[in-house]
Amino acid sequence: MKLKTLAAALMITAGIPLAAQATDLEVTHWWTSGGEAAAVAEFAKAFNAGGDKWVDGAIAGSGGVARPIIISRIIGGDPMGATQLNHGRQAEELVEAGLMLDLTEIAEAEGWRDIVNPVRLLDGCTVDGKIYCVPVNIHSPQWLWLSHAAYEKAGVAVPSNWDEFVAAAPKLREAGIVPLAMGQQSWQTQLAFDTMMVAVGGTDLFMSILADADAEAAASAKATEVFEAYAAARELSDGSNVQDWNQATNMVITGKAGGQIMGDWAQGEFQVANQVAGVDYTCLPGLGVNEVIATGGDAFYFPKNDDPEITAAQKRMASQMISKEVQVAFNLKKGSLPIRGDVDLSAANDCMKKGLKILASGNILPDGVNVQSADTQGQIQDLMVEFWNDTDITAADAQERYVAIIEDAD
Ligand code: GAL
């Protein structure tokens with residue numbers, strides 16, 4: 001063994017951080033809410049514990065704000081050390097342009113293909129047989145979050161599905177509570193729409209439209225039902241004047257709103273507020289109508305860098321993010337499910353258990369971002385936010401415009 005290697009081995013055994021490992025990596029992400037910040041701190045803690053330095057590059061405002069900044073920095077020659085993106089098509093062009101680090105060697109050495117569950121998360125990181133990202137969680141958007149305090153105040157039982165939610169709304173109004181909290185950003189209105197599509201319209205309809213871009217399905221009577229339910233939801237959100245998703249979650253936490261349709265990252269907010277699932281709030285996957293989850297989520301990409309020390313640090317970070325300990329610590333705070341099944345989840349709360357049960361049952365969907373291009377997503381988001389804010393647009397108008405987008409989807 002060479003002297004340097006021997007010294008390094010001794011230092012590792014003694015738990016002393018290696019001087020050669022002290023590399024600073026700037027990490028960009030859009031995790032700025034209370035729950036998100038608590039979760040991302042787990043990644044930073046693990047990286048720093050190895051002797052490197054996590055330089056936090058949080059970008060406030062949501063993925064819609066952060067993604068273009070992240071992408072333009074990479075294209076413009078000012079790459080960060082690592083960045084969050086949703087795996088799938090968001091990084092497609094960056095990978096094709098040869099700007100992202102190929103992680104295949106480390107993925108093979110650590111057997112990621114055997115570890116990652118469902119393996120399609122790794123497929124979302126794979127381009128031409130090579131792996132360009134590390135999946136860190138499974139997030140599903142299709143949840144309804146309900147405030148027990150709000151229903152108690154209104155004197156009605158906490159709903160167990162969307163129909164009950166709609167039926168209970170007048171009582172909430174009487175008690176001065178907004179039935180449905182909704183942040184006014186376009187991705188949130190789209191998330192609610194897609195969730196209603198799978199809950200009210202059913203899995204087949206969702207798959208035909210989102211995965212197969214079937215315009216006839218988008219124009220069908222079943223899809224009309226979805227648009228009508230969506231228009232009804234618009235009315236239920238009257239009085240919800242917040243922008244960010246976590247402000248809307250806060251309305252639920254504080255009992256100012258009955259519920260919110262939001263991804264399971266909302267759980268992180270309830271946790272930070274010390275609320276307990278099943279006691280202070282209830283979560284209903286698939287709006288309690290169709291208990292299904294999508295296995296989308298977040299992944300980290302590492303822009304290529306000429307400096308071999310940076311490349312080595314990037315690989316260390318990737319390897320840590322997928323390690324058992326970090327997977328548990330991060331996902332318990334994030335509200336997401338871990339991407340590996342071989343970890344100890346005895347600390348999982350009620351909502352995480354519901355998600356794990358659905359995952360095990362196999363009732364899972366492809367995530368919208370995995371199959372639709374960023375352009376198609378953008379058009380749908382624009383339509384949904386316009387519809388939400390302009391009550392002159394009827395459900396029928398919105399459906400007609402939606403069909404046209406699906407006809408041209410790529
Ligand atoms: C999603 C991301 C989640 C969550 C959410 C709200 O794009 O996958 O991890 O952070 O945005 O910020």
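This is a predicted model: local features need pLDDT of at least 70, side-chain atom pairs count only at pLDDT 80 or more; totals for chains, interfaces and linings use all residues.
## Close-up views of helices, sheets and a disulfide

**View 1. The crossing of helices α13 and α20 is right-handed.** Residues are numbered from 1 along each chain as its sequence is written, and side-chain values use heavy atoms, leaving out hydrogens and water. Helix α20 spans residues 374-389, and α13 packs against α20 at about 50°, with the two axes 9 Å apart (helices are DSSP runs of H or I with at least four residues, strands are runs of E with at least two, and both are numbered from the N terminus; axes are lines fitted to C-alpha atoms, for helices over the stretch in contact, with angles from 0 to 180 degrees between N-to-C directions). That angle makes α13 oblique to α20 (under 35 degrees is roughly parallel, over 145 roughly antiparallel, 65 to 115 roughly perpendicular, and the rest oblique). On the α13 side, look for Phe227, Tyr230, Ala231, Ala233 and Arg234; α20 brings Met384, Phe387 and Trp388 to the contact (heavy atoms within 4.5 Å). Seven of these contact residues are nonpolar, none is polar and one is charged (Ala, Val, Leu, Ile, Met, Phe, Trp, Tyr, Cys and Pro count as nonpolar, Asp, Glu, Lys and Arg as charged, and the others, Gly among them, as polar).

**View 2. Helix α13 also packs with helix α10.** Here α10 (residues 186-201) and α13 (residues 221-236) make an angle of about 130°, with their axes 9 Å apart. So α10 is oblique to α13, and their crossing is right-handed. The tally for the contact of α10 with α13 is ten nonpolar, three polar and two charged.

**View 3. Four strands make an open sheet in the order β8-β9-β7-β10.** Pairing in this sheet is mixed (two strands pair if DSSP finds at least two bridges between them). Its edges are β8 (178-181) and β10 (281-285), each with a pairing on one side only. From one strand to the next, the twist averages 20°. Zoom in on β8 and β9 (residues 257-261): they run parallel, joined by three bridges. Leu180 has Gly259 in β9 as its bridge partner.

**View 4. Another open sheet has five strands, ordered β2-β1-β3-β12-β6.** Its pairing is mixed too. Strands β2 (53-58) and β6 (133-135) sit at the edges, each pairing on one side only, and the twist averages 25° from one strand to the next. Strand β1 (residues 24-29) pairs with β2 in the parallel sense over six bridges; Glu26, for one, is partnered by Val55 in β2. Helix α2 (residues 34-49) lies across β1, β2 and β12 (298-301), at about 155° to β2. Helix α3 (residues 63-75) packs on the sheet as well, touching β1 and β3 (82-86) and making about 130° with the direction of β3.

**View 5. Cys125 and Cys133 are joined by a disulfide.** Their sulfurs are 2.0 Å apart (a disulfide is a pair of cysteine sulfur atoms within 2.5 Å). With -95° about the S-S bond, this link is left-handed. A search of the whole structure turns up two disulfides.

How values were computed: A crossing is left-handed if the near helix is turned anticlockwise from the far one by less than a right angle, and right-handed if clockwise.
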